[in-house]
Amino acid sequence: MRYLFFFVHPSKFHVFRNTIYGLINKGHSVDILITSKDVLENLVKAEGWSYTNIFPEGRKIEGLSPLLSSGVNFLRTLYRLFKFVRKRKHDLYITDDLLVYFSKFKKTPSIVFTDDDLSITKQFALVLAPATYILAPEITDLAKYNKKKIAFDGYKELAYLHPDEFTPDRSVVDKLIAPPKDFFVIRLVSLRAYHDVGMKGLSNNEVSKLISILQKHGRVFISSERKLPEELEHFRLNIEPAQILHFLAFAKLFIGDSQTMSSEASVLGTFSLRCNDFCGKINVMDEKERYGLMKSYLPSEFKQLLLDVEEILQSGDHKDIIRKRKEKMLSEKINLTKFMIKLFEELPLKHPNSDKVRSEGSC
């Protein structure tokens, strides 16, 4: 079969990476389209894959608001996708973006991956509406688009962080931290995406307060999308993008305003404290809280976050407790990569909610 992947965020690279290798190893043909977004191109290039970057300059338009920029980029993206697909034939489109608009034109089924509830990313309906299928966690609510959903019992992170797919390597961490000692990771995002408008996370002042507590118990590293003030810049974690997962796995504690990295830390067995305005609004995050793998706070609850950090640090080695909770979660969730390889080889289906996909695919 001939597959076309178009993904526009580093998180989706991780979601699809092992599936792409699995399809190639089984003799299928895979084309890859990307845009320049954060470290996405570096990640793809490091794999040695043949790919096409349809936005080498990136899609950020300086001087425009996120909403207006999204409108302009909608048209720009469709035009550049059209130039790529018009003379090419594929059996399936896999994406998290506008490639779905060419399904009818090219008579090619499309599958969109998401784990965001539609109530949070309402504008994403522009992508969900023309999609043939939507691949999403069972717990994700897509409202009227649930009828298109192929549900799986798991999380996107289990496509690349399931124990069958990833083994944390302490030596990666020890090259930067010698001799080995406890350390903490703080993640700060820019909150500039269209669905982040008006949302808040951790301020620089709040990060400084966190550091004053954490550095009494170990080293502190900051992974940041945004520019940091001089007093915080020397805490920046300068590593290759692919190495961050090893740091998350061995950190004593993770704190951040990022959805993706909070989730990654939690499924790796590192307790995650997440602080942003999305608290209590995302089903997959709420479920991880019910497993006891993370805790979420609104920005107005930052003082409580500080109290909880101090309590955790005084409670001894909590990693063993979190590890047991992680094992319980893993026993109830699937390896998403194995699920996707099987699913993509079976598509198209007569109906997206086929029992065949749900029962056989989730084994």
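Q: In this predicted model, which residues does Ser-262 touch, not counting residues up to four places away in sequence?

A: Ser-262 sits in helix α10, residues 259-267. Neighbours up to four places away in sequence are not counted. The residues touched are then Phe-254, Gly-256, Ser-272, Arg-274, Met-285 and Met-294.

Q: Is Ser-262 buried or exposed?

A: The cut-off for buried is under 20% relative accessible area. Ser-262 has a relative accessible area of 0%. Therefore Ser-262 is buried.

Q: How does α1 lie relative to α14: roughly parallel, roughly perpendicular or oblique?

A: Helix α1 covers residues 10-25. The axes of α1 and α14 are 9 Å apart, at an angle of about 55°. That angle makes α1 relative to α14 oblique.

Q: Is the crossing of α1 and α14 left-handed or right-handed?

A: The two helices pack with their axes 9 Å apart. As α1 passes α14, the crossing is right-handed.

Q: How do the residues of the contact of α1 with α14 divide into nonpolar, polar and charged?

A: From α1 come Val-15, Phe-16, Asn-18, Thr-19, Gly-22 and Leu-23. They meet Thr-337, Met-340, Ile-341, Phe-344 and Glu-345 in α14. The residues of this contact divide into six nonpolar, four polar and one charged.

Q: Which residues of α14 are buried?

A: Buried requires under 20% relative accessible area. In α14, the buried residues are Leu-336, Thr-337, Phe-339, Met-340, Ile-341, Leu-343 and Phe-344.

Methods: Residues are numbered from 1 along each chain as its sequence is written. This is a predicted model: local features need pLDDT of at least 70, side-chain atom pairs count only at pLDDT 80 or more; totals for chains, interfaces and linings use all residues. Side-chain values use heavy atoms; hydrogens and water are left out. Buried means under 20% relative accessible area, exposed over 50%, partly exposed in between (1.4 Å probe, protein chains only). Helices (H or I, at least four residues) and strands (E, at least two) are DSSP runs, numbered from the N terminus. Contact means heavy atoms within 4.5 Å. Axes are lines fitted to C-alpha atoms, for helices over the stretch in contact, and angles run from 0 to 180 degrees between N-to-C directions. Angles under 35 degrees count as roughly parallel, over 145 as roughly antiparallel, 65 to 115 as roughly perpendicular and the rest as oblique. A crossing is left-handed if the near helix is turned anticlockwise from the far one by less than a right angle, and right-handed if clockwise. Ala, Val, Leu, Ile, Met, Phe, Trp, Tyr, Cys and Pro count as nonpolar, Asp, Glu, Lys and Arg as charged, and the others, Gly among them, as polar.
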